[in-house]
Structure formats: C-alpha cells, structure tokens
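Colleague: I have a few questions about this fold, if you have a moment. Could you open it up so that we can look together?

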Amino acid sequence: MDKIVLLDKILKEVNDLRKLKKGYLTNFYLDEFKTTVWIKKDVLFCEKMGETVFFIKKNASFWNVFYSSTTLEELQKSLFEFKLKYQNQTVMFDLVGNKEQCNLVSNVFYQTGFSDYCCLVRMSRIKSMVDDYNDLEQVTYATEEQAKRIHKILNDYFDPKTEQIPYVEEIIEYAKLHHILVYMENNEILGFVIFENNKSTLYL
C-alpha cells in the first residue's frame, strides 16, 4: 500500500487503467479540494491489484475504500485479493449509480463476501427557479464559527460509516463558498443544509 502525497498519483493510476481500453468502472470521483485535505492529513493511500486500483481513506476505526477498475470480472478478482490481504480491517465501499448499475456491482461484492450496511436513495426535484431565502431572518449563510459547530453536530449525531462526514476544513470551505444554509433560533443551530452547486444543479 502506497501513501498518496500528490494528486498526480491518482491521475496517473486512473489514466493507466483507461489506456488499457478494456472498459472503466469506478466509485471514485475526484474532488481536488477534498482530496487535497486527505493528502495533507496523511490518510489517503492506494493499492493496485491486477486491473484495479483501490484508493483508501483511513479513519480511526474503519477505511473508506474507492475503486477504479476495467471490468466487473477484474473488480471481482481484485476484491477477493483485497479482502484476503486486509481481512482484519473494517472497510466500507460506496456503490454509486442507477438501480441497474448498482445491482450489477453489488452482485460482485456479494459474491466476494461483502454485505450491505445501508442503502441511500438519491431523490431529485426539477425546478426552474431557486427559492429566495433572503426574506427569512432565521435562515442565513453559515459563518466559519457556525461551520465548526456544524462539524461537531455531524460527528455527534450522524453515522460516519454512512455519511462520510467531512473534515472541519471541508465544512469551513463550504461556508466560505456560501454553500451552507443554517436555521437559527436563540443563537442555536436548529437546522442546516450543505450543498454543492454544479452548473444548474444543486446537490444537497
């Protein structure tokens, strides 16, 4: 297992797989800022097995593992090897895609001895205009200090194995970009929403 110290290492590994021109499937979608935070904290590693590269984010009690592979068959072979080598570790994989895509990949994981932890369903709402919250006094963009409080709330009340709770640096960056709305009463945060803005789409 190699520690990742530069983003270029990730790009090289992914490009090497794509150059094989056998196909490409992944659950890893590079976010440069977030990945840079992981690199600075010395928690990001990679392991190449056959035609699969695993990107591993080490947490205190478990690992988040991301994969990039050429085919389902190659992924399955690599998973067997990965599971055997790190059988004493608790590892979490996210399977991302539509129902059909997830079913195909999940069958590979089932056959390799993995089991479901939880299922998250992505919902969508099509709207031509974004609501204006400026007339609601209790709803404002989060400050840096509020971002720190939100990070504590996430750690206190959410399951890190399910939610992939961001580091405080990531939450603060969201606040700086005005990507956190908070609902306040009596100087307490009663609710919040964190979102990413991708062209015309908001991901909550």
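Modeller: Happy to, and please keep in mind that this is a predicted model.

Colleague: Let's begin with β8 and β9: over how many bridges do they pair?

Modeller: Strand β8 covers residues 180-185 and runs antiparallel to β9. Within this pairing, Ile-180 sits opposite Ile-194 of β9. The number of bridges between β8 and β9 is 6.

Colleague: Which strands stand at the edges of that sheet?

Modeller: The sheet is open, with 3 antiparallel strands in the order β7-β8-β9. A strand at the edge has a single partner, so one side of it is left without a neighbour in the sheet. The strands in that position are β7 (139-141) and β9 (188-194).

Colleague: And at about what angle to β9 does helix α5 run?

Modeller: Helix α5, residues 144-157, lies across β7, β8 and β9. Its angle to β9 is about 85°.

Colleague: Now Thr-35, please: is it buried or exposed?

Modeller: Thr-35 belongs to helix α2 (residues 32-40). Beyond its neighbours within four places in sequence, it contacts Leu-7, Ile-10, Phe-28, Leu-30 and Leu-44. Buried means under 20% relative accessible area. Thr-35 has a relative accessibility of 2%, so it counts as buried.

Colleague: Last one: which residues touch the most other members of the largest nonpolar core?

Modeller: This core has 18 residues. Phe-82 has contacts that include Met-49, Trp-63 and Val-91. The residues touching the most other members are Phe-54, Phe-82 and Phe-93.

Notes
Residues are numbered from 1 along each chain as its sequence is written. This is a predicted model: local features need pLDDT of at least 70, side-chain atom pairs count only at pLDDT 80 or more; totals for chains, interfaces and linings use all residues. Side-chain values use heavy atoms; hydrogens and water are left out. Two strands pair if DSSP finds at least two bridges between them. Helices (H or I, at least four residues) and strands (E, at least two) are DSSP runs, numbered from the N terminus. Contact means heavy atoms within 4.5 Å. Axes are lines fitted to C-alpha atoms, for helices over the stretch in contact, and angles run from 0 to 180 degrees between N-to-C directions. A nonpolar core is a set of buried Ala, Val, Leu, Ile, Met, Phe, Trp, Tyr and Cys residues joined through side-chain atoms within 4.5 Å. Buried means under 20% relative accessible area, exposed over 50%, partly exposed in between (1.4 Å probe, protein chains only).
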